[in-house]
Amino acid sequence: MFQQPLPNEYTELSDEDTSERIGKAKSSLGRDLVILGHHYQRDEIIRWADFRGDSLKLSQLAAKNCGARYIVFCGVHFMAETADILTSDQQIVVLPNLAAGCSMADMASIHQLNHCWQTITRHVPSEKIVPITYVNSSAEVKAFVGRNGGACCTSSNARKVLEWALTQGEKALFLPDQHLGRNTAFQLGFDPDRDMLLWDPNQPMGGIAPDDYLSKKILLWKGHCSVHGRFNLHQIEAARKLHSGIKIIVHPECTLDVVKAADMAGSTEFIVKQISQASAGSSWAVGTEINLVNRLAQEHPDQHIACLDPIICPCSTMYRIHPHFLCWALENLAQGKVVNRIQVSPKIADDARLSLERMLSIV
Ligand code: CIZ
């Protein structure tokens with residue numbers, strides 16, 4: 001499915017008119033509608049969200065709100081898929097702009113994963129290897145993981161899921177984010193050189209010699225987040241020089257050297273919690289998406305909060321949820337017309353749900 005260009009009626013709307021029309025459509029839909037806003041969405045979208053949070057928390061809230069017929073997910077494609085998988089068949093999930101994908105999720109296609117699995121299991125029996133997929137992955141990848149005895153994870157629970165995986169098998173395959181996988185395995189005491197191996201889906205045989213599988217515990221997939229990949233050690237040094245006592249808090253999608261040099265690392269929910277609980281006068285350099293950093297700075301004016309990257313780094317795909325798209329989706333729903341429905345096929349959804357439920361039973 002591709003996003004059709006919006007009618008001019010929407011693209012030419014002023015900010016004020018867009019807000020007025022979103023407000024009207026939202027109130028006419030009443031309890032039939034729940035709008036979910038991911039932490040990385042811009043403020044002009046977040047102001048309309050009934051709930052905001054990370055992707056899993058939002059999907060779980062949508063499932064609890066079973067009275068809402070329409071779930072409008074202001075986030076990216078894999079998040080809307082997760083919401084569809086976890087909500088009832090009567091609920092309809094809408095992504096306002098179909099072009100809002102996730103480049104990291106796109107780094108692991110189901111074909112690449114099938115090829116990887118077939119290659120590895122020629123050398124390591126499949127029961128000895130447990131796949132783990134980060135929630136930033138397609139429903140098809142989650143389904144594969146569910147079918148093969150593995151679990152999904154988020155950045156909040158990756159450690160517990162990896163610990164669990166290593167009680168179920170001898171090795172874990174972690175995808176698609178190499179950094180979250182490496183950081184988590186490092187936290188558990190594994191050494192990147194001795195214990196981990198990087199599977200490159202764009203190289204024949206993953207770029208790995210078969211003998212190498214045997215000695216390694218953790219197989220990482222060569223995927224990354226381009227936003228979190230921007231943070232580096234120079235920025236950390238510069239922030240520490242500029243403000244003595246500054247705390248550096250980063251997301252675990254950052255590289256291992258950045259996570260090691262930071263004072264704290266954790267998911268968006270962890271970052272929000274740490275800053276919300278900090279005392280007035282605290283200084284923070286935050287290594288995550290700029291919309292969340294700016295919002296935290298606005299909400300805690302008694303603290304000094306800035307992005308670790310002075311050149312700032314918006315997530316370009318999250319940014320595709322422009323208010324014009326939200327207005328268009330809501331006005332269509334208000335007229336009884338569903339646009340941009342995200343619907344995972346029942347077979348894929350059942351297997352993907354297995355990987356999500358397994359995660360929830362572990363944490
Ligand atoms: O699960 C999410 O929402 C993502 C992508 C990151 C996080 O840390 O919340």
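Author: Helix α7, residues 139–147, lies across β5, β6 and β7 (171–175). This is a predicted model, to be clear.

Reader: At what angle does α7 run to β5?

Author: At about 155°.

Reader: And α8, which strands does that one lie across?

Author: Helix α8 covers residues 158–168 and lies across β5, β6, β7 and β9 (218–221). Its direction is at about 165° to β5.

Reader: OK, the strands themselves. What is the strand order in that sheet?

Author: The order is β6-β5-β7-β9-β8, five strands in an open sheet with parallel pairing.

Reader: Which strands stand at the edges?

Author: β6 (151–153) and β8 (196–199). Each has a single partner strand, so one side of each has no neighbour in the sheet. From one strand to the next, the twist averages 25°.

Reader: How many bridges between β5 and β6?

Author: Three, in the parallel sense, with β5 spanning residues 129–134. As one of the pairs, Thr133 has Cys152 in β6 as its bridge partner.

Reader: Switching to the sheet with β1 in it. What order there?

Author: β2-β1-β3-β4, four strands forming an open sheet, and the pairing is parallel. The edge positions belong to β2 (51–53) and β4 (92–94); each has a single partner strand, so one side of each is left without a neighbour in the sheet.

Reader: How far are neighbouring strands turned against each other there?

Author: By 20° on average, ignoring direction.

Reader: What joins β3 to β4?

Author: Three bridges, with the two strands running parallel; β3 is residues 70–74. Tyr70 has Ile92 in β4 as its bridge partner.

Reader: Now helix packing. What do you have for α5 and α17?

Author: Helix α5 (residues 77–86) and helix α17 (residues 346–362) pack at an angle of about 95°, and their axes are 10 Å apart.

Reader: Why call α5 and α17 roughly perpendicular?

Author: Because angles from 65 to 115 degrees count as roughly perpendicular, and theirs is about 95°. The two helices are therefore roughly perpendicular to each other.

Reader: Which residues meet there?

Author: On the α5 side, Thr82, Ile85 and Leu86. They meet Ala349, Ala352, Arg353 and Leu356 in α17.

Reader: What classes does that contact of α5 with α17 have?

Author: Five nonpolar, one polar and one charged residues.

Technical notes: Residues numbered from 1 in each chain as written. Predicted model: local features only at pLDDT ≥ 70, side-chain atom pairs only at ≥ 80, totals over all residues. Heavy atoms only, no water. Axes fitted to C-alpha atoms, helices over the stretch in contact; angles between N-to-C directions. Parallel < 35°, antiparallel > 145°, perpendicular 65-115°, else oblique. Contact = heavy atoms within 4.5 Å. Nonpolar A, V, L, I, M, F, W, Y, C, P; charged D, E, K, R; others polar. Pairing = 2+ DSSP bridges.
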